[in-house]
Amino acid sequence: MLKKHIFQGVGTLLVAATLYSCAPTQAIKKENREVPDTFQGSTDTTNSAQIVWSDFFSDPNLKALIDTALVRNQELNQVMQEVIITSTEIQARKGEYLPFVNIQAGAGMDKVGRYTRNGVVEHNHEIAEGKEFPEPLGDLMFGAVASWELDVWKKLRNSKKAAVMNYLSTVEGKNFLTTKLVAEIANSYFELLALDNQLDILNQNIEIQKNALKVVKMQKQAAKVTELAVKRFEAEVAKNQSRIYEVRQRITETENGINFLLGRYPQHIQRSSAAFPDLMPQMLKEGIPSQLLANRPDIRQAEMGLEAAKLDIKVAKAEFYPSFRIVGGIGYNAFNAKYLLTTPESLIFNLAGDMVAPLVNRNAIKANYQAANAKQVAAVYEYEKTILNGYVEVANQMAKIENLQQSFALKSQQVQALTESITISNNLFSSARADYMEVLLTQREALESRMELIETKMQQMNAMVNMYQALGGGWN
C-alpha cells in the first residue's frame, strides 16, 4: 500500500518540480509524467514521522545517547556554525538596499608657493579687513556623508530574499543531518544489543558442546566411538570460542563508533541487552504523499535552494538595467578651529544623483546571467532527484519491513525445531542410534539459526529506524 500512496504524490510533484520557475531557460522541457493507474492515493493523514524522536524511542539508554549526540556531535555543531554564517549574510544583503551614512572628519594644512596662481590669489585677498591669509593655511572639516542606491529593479531586495532562502536551506540541511544522526545512533545501538545477545548465545552453545564433548569422551572410553569423534568435538568447541573474540571486537568497534558520534572518547555504552529478543518493531503509518515532502528536511532543503536560484536569476537580470544613486553630505569646514562651527559661513553641504548603465562589453553580466540560469536548472534536477530518492527510500524500507517480518517468523520456527533436535540427537547418540556427526551438525545448525535470528531481529529494528528516517521524522 505504501508504494501506491507515495508514487501518485511523487509523480505529481515531479511534474511541478520540472516546470518550477524555468521561464528564463529552455534547457528543461515541459513534460507530463503519468502515474500508473494501479497506484491509488491515500486519505489517511496519520503519519508516524510527526512523532518526535524522544517519543518514538522508548529505551532510556538510547534516548540519553541521542541527547548527548545532539549537543556534542562535531559535524552537527559545524553545520550549526554554517547556519549562523548564512544568517549574517541576510543582514549584509538587507543593509545593501538601505542608505549608507558615514561620519567624516579631517585636519590638515597647506602652503602654496608665492608665485603660483593660488599664491597670488591668497596674497591679494584678505580673510577679514586687514588680515591676510595665514601661512600655512589650515583645513579642518567634519560632517556626515550619505549614499543610497535606489532599488528600482528590486535587485537588492531579491538578493536579500535569496539570502533568506539560502539560510532556510542551511537550516533544513542541519535538520536532515540531525535525522541521519538520530538514525545512525539508533541503528548502532540496536546492533550493539544484537552483538551482546549473540555473545550470550555463543557462550551457551559452548557449554552445550562441552557437555557433548564429555559424553563423547566417555563413549570413547567405552569403545563406542573413536578418537576422531573426540577431535571433531574439540575442534567445534575451539572454533566457537574463537568466534567469541570476533564478536567482542565488533562490540568494541560499535561502542567506539557510537562514542565518536557522541563526540567523546571510547568508553562503555550503557545498555540493556536482555530484552532485545522480545523487542517488537513499532508499527509505522506512512500518511499521504504530500506529507513526505512536508516532513523530509532534504526535500525542503532542495526546495529552498530552488527558490534561491530563481531569485538569483532576477538579480542577474537586473544587472542589465541602469542603477540610480543619490549621494549627499553636510558638515563644517574652516581653516581655523575657532571658525569651524560658525554658521552659515563654515557650513557645507552637497546633494547629487547619478545613473550608471552598462553600455559596452557586457560579457561579464551576460556570463553571470547564464550561470544563474544553469544553476536554476541544476536546482530543478536536484529537487526532482531528492523527491525520487525520498520515494524510493520509503518504498524500499516498507518492503523490507514486510519481508523481514515474514523471515523472522520462519526463522523462529527453524530455531525452535533445531533447539528441540539437539536433545533428540543427544538422546539418540547416547543410545547408539545416531552417529556423532549428526549430533555435531545439529548443534552447529542450531547455533547458526539462533545467530541468524538475532541478526534478523536487528535488521527489523534497523528497518523501523530507517523507515522513520525516510518518512522525515526525528529531527524536531
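## Helices H6 and H9

In this predicted model, helix H6 passes helix H9 in a left-handed crossing. Let's see how the two lie against each other. H6 covers residues 155-221 and H9 covers residues 297-318, and they pack at an angle of about 165° with their axes 8 Å apart. Angles over 145 degrees count as roughly antiparallel, and H6 and H9 are therefore roughly antiparallel to each other.

What classes of residue make up the contact of H6 with H9? There are ten nonpolar, nine polar and eight charged residues in it.

## Helices H7 and H11

Now for another pair. Two packed helices are described by the angle between their axes and the distance between the axes. For H7 (residues 227-261) and H11 (residues 436-470), the angle is about 10° and the axes are 10 Å apart. Angles under 35 degrees count as roughly parallel, so H7 and H11 are roughly parallel to each other. Their crossing is left-handed.

On the H7 side, the residues that make this contact include Leu-228, Phe-233 and Arg-243. On the H11 side, Tyr-436, Leu-440 and Met-451 are among them. By class, the contact of H7 with H11 has nine nonpolar, two polar and six charged residues.

## The largest pocket

Next, look for the largest pocket, which has a volume of about 340 Å³. Its lining is made of 14 residues, and those nearest its centre are Pro-281, Gln-282, Met-283, Ile-401 and Gln-405. By class, the lining divides into nine nonpolar, three polar and two charged residues.

Which elements give two or more residues to this lining? They are helix H10 (363-430) and H11. H10 gives the most, with six residues.

## Two backbone details to spot

Here are two places to look at along the backbone. Most residues other than glycine have a negative phi, and most peptide bonds are trans. Lys-154 has a positive phi of about 60°, although it is not a glycine. Where does Lys-154 lie? You will find Lys-154 in the loop between strand E4 (137-150) and H6.

The other detail is a cis peptide bond, which joins Thr-343 and Pro-344 and has an omega of about 5°. Pro-344 has its place in the loop between strand E5 (323-334) and strand E6 (347-356).

Notes: Residues are numbered from 1 along each chain as its sequence is written. This is a predicted model: local features need pLDDT of at least 70, side-chain atom pairs count only at pLDDT 80 or more; totals for chains, interfaces and linings use all residues. Side-chain values use heavy atoms; hydrogens and water are left out. Axes are lines fitted to C-alpha atoms, for helices over the stretch in contact, and angles run from 0 to 180 degrees between N-to-C directions. Helices (H or I, at least four residues) and strands (E, at least two) are DSSP runs, numbered from the N terminus. Angles under 35 degrees count as roughly parallel, over 145 as roughly antiparallel, 65 to 115 as roughly perpendicular and the rest as oblique. A crossing is left-handed if the near helix is turned anticlockwise from the far one by less than a right angle, and right-handed if clockwise. Contact means heavy atoms within 4.5 Å. Ala, Val, Leu, Ile, Met, Phe, Trp, Tyr, Cys and Pro count as nonpolar, Asp, Glu, Lys and Arg as charged, and the others, Gly among them, as polar. On a 1 Å grid over the protein atoms alone, a cavity is a set of points where a 1.4 Å probe fits but cannot get out, and a pocket is an open set with protein on both sides within 12 Å along at least five of seven lines; lining residues have an atom within 4 Å of a point. Grid points are joined across faces, edges and corners, and a volume is the space filled by probe spheres set on the points.
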